[in-house]
Amino acid sequence: MHLDLMKIFDGYVRNYHTFNLTIHHGKHSFTMTEIEYFSRLGSMLGYHSFTEDTCNGQNRPMDLTWWDNDDGEYWQDFILHLERENLFKKDEETLEKILTSREYVPNNAIGIMNVLNRNRINELVSIAIATCEIPNVLLVFKTNSTGRQQQYFDEVYAYLLNKSKVVEQKKALVSDIAGTLYMQLELGIKKE
């Protein structure tokens with residue numbers, strides 16, 4: 001089952017202000033708040049959400065998973081795998097974790113990463129296109145327009161990949177009002 005991941009991104013952008021994240025929050029707060037948002041979303045859509053899921057207790061933990069069709073012994077449908085990463089140096093590791101095949105392959109994957117600049121986003125998208133083994137993937141990159149580290153990111157780029165091809169992209173802009181962060185879609189980004 002393929003989800004409309006770009007529609008999920010639209011909801012993430014529109015609801016970002018409800019996270020009540022501010023320029024004063026640390027990276028851990030951003031990670032935990034965003035994972036909790038997607039966990040609740042999965043539950044609201046009728047899926048079973050798990051954080052730090054290892055599937056069988058032996059695999060590397062996944063930040064968040066959605067499962068469906070529990071037959072009492074096994075989950076039959078691995079709906080979504082989500083990874084959230086703050087550290088610039090772990091961007092390629094995060095891509096590898098969500099994009100490559102393994103024992104349990106999700107129908108959909110989302111990677112949300114902080115990256116240093118637009119050039120790095122382009123490099124990561126190229127790597128994703130060359131290595132993606134998941135049929136429906138949304139990559140979300142948070143960066144800032146100045147290319148320097150600042151208190152918070154101000155640009156968010158989303159790339160939808162289907163079978164190793166970018167089929168759609170969007171951009172959102174982030175601003176703060178009295179320190180609270182808000183996000184809105186930038187109009188005019190074209191579908192590929």
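How many nonpolar, polar and charged residues does the lining of the largest cavity have, by class? I counted eight nonpolar, no polar and no charged residues. (Nonpolar covers Ala, Val, Leu, Ile, Met, Phe, Trp, Tyr, Cys and Pro; charged covers Asp, Glu, Lys and Arg; the others, Gly among them, are polar.)

This is a predicted model: local features need pLDDT of at least 70, side-chain atom pairs count only at pLDDT 80 or more, and totals for chains, interfaces and linings use all residues. Residues are numbered from 1 along each chain as its sequence is written, and side-chain values use heavy atoms, without hydrogens and water.

**Cavity.** I searched the whole structure and found one cavity of 30 Å³ or more. (On a 1 Å grid over the protein atoms alone, a cavity is a set of points where a 1.4 Å probe fits but cannot get out; lining residues have an atom within 4 Å of a point.) Its lining includes Phe9, Tyr12, Phe38 and Ile110. Helix 1 (5-15) gives the largest share, three residues. (Helices, H or I of at least four residues, and strands, E of at least two, are DSSP runs numbered from the N terminus.)

**Strand 3.** I found eight of the eleven residues of strand 3 (75-85) buried, meaning under 20% relative accessible area with a 1.4 Å probe, protein chains only. Strand 3 pairs antiparallel with strand 2 (62-70) over six bridges; pairing takes at least two DSSP bridges. Leu82 is the bridge partner of Leu64. Leu82 also has Ile110 of strand 4 as a bridge partner.

Terms used: 1 Å grid on protein atoms, 1.4 Å probe; cavity = no way out; pocket = protein on both sides within 12 Å on 5 of 7 lines; lining within 4 Å. Points joined across faces, edges and corners; volume = space filled by probe spheres on them. Buried < 20%, exposed > 50% of the residue type's maximum accessible area, 1.4 Å probe, protein only.
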